[in-house]
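Reader: Hi! Could you walk me through this one?
Author: Happy to. Have a look at it here, and then ask away.

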Amino acid sequence: MKNIGFIGLGIMGKPMVRNLLKAGFAVTAFDVATDAVQAMAAEGAKAASSAKEAATGADMVITMVPSGPIVRTILSGADGVFAGAAKGTIIADMSSVTPVESKEFAAMAAEHGCSFLDAPVSGGEPGAVDGSLAIMVGGDAAVLQEARPVFAAMGKTITLVGPNGSGSVTKLANQVIVNLNIAAVSEALILATKAGADPKKVYEAIRGGLAGSTVLDAKAPMMYSRNFKPGGPIAINLKDITNVMDTAKGMELPLILTGVLQQIMHSLKATGHLMDDHSGIVQFYENISGVVVKSNEV
């Protein structure tokens, strides 16, 4: 497997393409933003003018875009992936979509004689940049075996969870844990700041104990230094949490804390914080408490 079509050159897509190029794969890249395509072409990728062109001659096509409806549009139509992909091509959707959508895309791929893997990722922009993404896969084990060298260029852990849809539901579970953890860190630092403690010192004191986590280490410093430049914007995480709640509703499953989190994110959207990093969840608590989480040492 050598030729890769890559569609979606956003915050995550660009560094993922760079790592594929670094690993020696020939990448044909497409995005609706032509400047992003040209930027990747300048770094060694072949520029494509459509999803069809990106898929033509590819052994594997990767989609990394914001939502399920966008994936559906990319796959189908006269200029879509299936119009250019040969039979036997592996289609890997690394976007965050619902398990229902992933199963739909797998069925579409099968109709065109292609294999499909839902393979969403965790690790955000830092993981995409250094190639340490966690890749959670739904699909056939034999297909994953073929695709594994491609995934290995972008990720540190590659786990087959189960059949199509399993990767996507795992990503939804991941997003529940990550975003509720951020909300918990926000509440804790609001409490500490209100009581007069420096949030940086509080973070340093607790990070080595049971409260320590990857999320705490990544997001607490962003909060107390007031850096909300998006690695994982609230917009994308709100979409994921909405997918969680829609999926849970379809199963008649109550998710109490996640439902509250969704409303917090809607509030942040209404107050102009949609494109902030999800560490910006702390701003919801600041707005209702009159406390600003900021270290005196920053």
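Author: One term to start with: domain bounds here come from an automatic or database domain assignment. Also keep in mind that this is a predicted model.

Reader: Good to know. Which domains does the assignment give for the protein chain?
Author: Domain 1 covers 3-164, and domain 2 covers 170-289.

Reader: And how far apart do the C-alpha centres of domain 1 and domain 2 lie?
Author: Those centres are 28 Å apart. Domain 1 puts 12 residues into the contact, and domain 2 puts in 11 residues.

Reader: How much area is buried between domain 1 and domain 2?
Author: About 980 Å², with carbon and sulfur atoms giving 60% of that area. The size of an interface is often given this way, as the accessible area lost when the parts come together.

Reader: How many salt bridges between domain 1 and domain 2?
Author: The count there is 0 salt bridges.

Reader: OK, switching to strands. Which way do the residues of β5 point?
Author: In strand β5 (residues 90-93), Ile-90 and Ala-92 point one way, while Ile-91 and Asp-93 point the other way.

Reader: What does β5 pair with, then?
Author: Strand β4 (residues 60-63) pairs with β5 in the parallel sense over 4 bridges. β5 also pairs with strand β6 (residues 115-118), again parallel and over 4 bridges. Ile-91 takes part in both pairings: Val-61 stands opposite Ile-91, and Phe-116 in β6 is a bridge partner of Ile-91.

Reader: Nice. Which helix goes with β5 and β6 in the β-α-β unit?
Author: Helix α6 (residues 99-111), and the unit is right-handed.

Reader: New topic: where is Thr-193, and why does Thr-193 count as buried?
Author: Thr-193 sits in helix α9 (residues 166-194). Thr-193 counts as buried because its relative accessibility is 17%, and the cut-off for buried is under 20%. Leaving aside neighbours within four places in sequence, Thr-193 is in contact with Pro-199, Val-291, Val-292 and Val-293.

Reader: And what about Ala-26?
Author: Ala-26 belongs to strand β2 (residues 26-30). Ala-26 has a relative accessible area of 30%, so this residue is partly exposed. Beyond its neighbours within four places in sequence, Ala-26 is in contact with Lys-2, Asn-3 and Ile-4.

Definitions and conventions. Residues numbered from 1 in each chain as written. Predicted model: local features only at pLDDT ≥ 70, side-chain atom pairs only at ≥ 80, totals over all residues. Heavy atoms only, no water. Buried < 20%, exposed > 50% of the residue type's maximum accessible area, 1.4 Å probe, protein only. Helix = DSSP H or I, 4+ residues; strand = E, 2+ residues; numbered from the N terminus. Pairing = 2+ DSSP bridges. Right-handed = clockwise from strand over helix to strand, strands pointing away. Contact = heavy atoms within 4.5 Å. Buried area = accessible area lost by both parts, 1.4 Å probe. Salt bridge = Lys/Arg side-chain N within 4 Å of Asp/Glu carboxyl O.
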